[in-house]
Amino acid sequence: MTMVKAAVIYGPKDIRFEKRDIPDPEPDEVQIEVAFNGICGSDIHEYLEGMDLATTPHPLTHMQAPLIPGHEFSGTIFKIGKQVSKLKIGDKVAVEPMIACGKCPECLAGHYNWCEHAIGSDQSAGFLGFSANGGLAEKCNVKSTFAHLLPDNFPLDLGALVEPVAVAAQAVIVSRVSPGDDVLVQGAGPIGLFTALIAQISGAHRVIINDMSEERLNLAKELGIQYPIRTESQKSLAHAISTITENQGVDIAFDCAGVQPTLTGAVQALKNGGKVTVIALFQHPPVVDVRALLKKGGSLLTSYGYANIFDRVIKIIDTHRSLFEHVITKKIELNELVSEGIESLERDKKQAKILVRLHS
């Protein structure tokens, strides 16, 4: 048992900073000394509304709030369980924060992001930080299969980006973005920025990113995204897409914002035979104009989490380190999580990815 400093979420707008006991790792687990933990949009909703937080015992972990939040983290292995053979103390790892049974048909087929038992009856999410203790503590135990080895000289701050970049990469892979495709990304938050970057790295011809925030669009421009646009209506978005694509529309549109206008705009922006891929979690069920989609021969896809791609994502980030470093806009201490982290992301649109530093 080890005593650590941790953030603990009890419910909406109730995060406390406490000392917590972390048990020794189970035989198939490793204990990680956490270096950095990124703050995600879902963390903001977890704090503000309690979204996806386990309020009754989770079916797999049997845990519920109060819990240690955080699911985008990296660190150094501090202890190993008796059955662990492929990792050793001192290894640097990025954590894949999935909770899955490993036994249901989806897990056995390799789709553990769709595990049949991962979502609780209270809609708690199958991720560390929501239904089990996560990375906003000095140490955290994780299944060894979900601790992914980083190259020796790979910076641990970039290691904390592997999880959100994996969300974007999974969506790009599901959508089958191909060289020469024209792509629209709705929303220039971190997931939108990462989706645009991965699409561009994958060989997309034109990558258009649409947001209401000039600050976020300026960051997209600095990252080399060719077409950052700010549109205030469906009409102005349609005009911008028509102008950029020479009246053709886009092959693939990603909704990374999760509000009705962005989904409607994504459908309208498609060329015939195009695809809309929804990545964002909608707070309220959206309406899809199936008639408009049908007349274009379009497809509506979704992408939830990720599976079997962390090692590939580590290589992508490693090849393009300077690009991904640029998305990190601030590093803060644990006791600043709410004021300089969650609330800062809410009020300051210049912020993209804020990392909490647990160990340097």
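User: Which residues of helix α12 (residues 337-347) are buried?
Analyst: The model is predicted. Burial is taken here as under 20% relative accessible area. In helix α12, the residues that are buried are Leu337, Val338, Gly341, Ile342, Ser344 and Leu345.

User: Which elements do the buried residues of α12 pack against?
Analyst: Contact requires heavy atoms within 4.5 Å. The partners include the helices α1 (41-49) and α6 (214-222). The strands among them are β1 (2-11), β2 (14-22), β14 (328-333) and β15 (353-357).

User: What is the volume of the largest cavity?
Analyst: The structure holds one cavity of 30 Å³ or more. For the largest cavity, the volume is about 60 Å³.

User: Which elements give two or more residues to the lining of the largest cavity?
Analyst: The lining includes Asn37, Asp43, Glu46, Tyr47, Leu337 and Ile342. Of these, Leu337 and Ile342 are also buried residues of α12. The elements that give two or more residues are β3 (29-38), α1 and α12.

User: Which element gives the largest share of that lining?
Analyst: By class, the lining has eight nonpolar, two polar and two charged residues. The largest share amounts to three residues, and the element it comes from is α1.

User: Why are the buried residues of α10 on the same side of the helix?
Analyst: The buried residues of helix α10 (residues 310-319) are Phe310, Val313, Ile314, Ile316 and Ile317. They sit on the same side of α10 because the arc they cover around the axis is only 160 degrees.

User: Which exposed residues does the face of α10 turned away from its buried side carry?
Analyst: The buried side of α10 packs through its buried residues against β5 (92-95), β7 (147-149), α3 (156-159), α4 (162-175), α5 (190-201) and α11 (321-325). On the face turned away from that side, the exposed residues are Lys315 and Thr319.

User: Why does Ala292 count as partly exposed?
Analyst: Ala292 lies in helix α9 (residues 290-295). Buried means under 20% relative accessible area and exposed over 50%, with partly exposed in between. Ala292 therefore counts as partly exposed, its relative accessibility being 25%.

User: What distance separates the C-alpha atoms of Ala292 and Ala238?
Analyst: Ala292 and Ala238 are 54 residues apart along the chain. The separation of their C-alpha atoms is 14 Å.

User: How far apart do the end C-alpha atoms of residues 11-356 lie?
Analyst: An unreviewed UniProt entry places the feature "domain: Enoyl reductase (ER)" at residues 11-356. The span is 30% helix and 24% strand, and its end C-alpha atoms lie apart by 20 Å.

Terms used. Residues numbered from 1 in each chain as written. Predicted model: local features only at pLDDT ≥ 70, side-chain atom pairs only at ≥ 80, totals over all residues. Heavy atoms only, no water. Buried < 20%, exposed > 50% of the residue type's maximum accessible area, 1.4 Å probe, protein only. Helix = DSSP H or I, 4+ residues; strand = E, 2+ residues; numbered from the N terminus. 1 Å grid on protein atoms, 1.4 Å probe; cavity = no way out; pocket = protein on both sides within 12 Å on 5 of 7 lines; lining within 4 Å. Points joined across faces, edges and corners; volume = space filled by probe spheres on them. Nonpolar A, V, L, I, M, F, W, Y, C, P; charged D, E, K, R; others polar. UniProt positions renumbered as here; feature names shortened; annotations may be inferred. Arc of directions from axis to C-beta.
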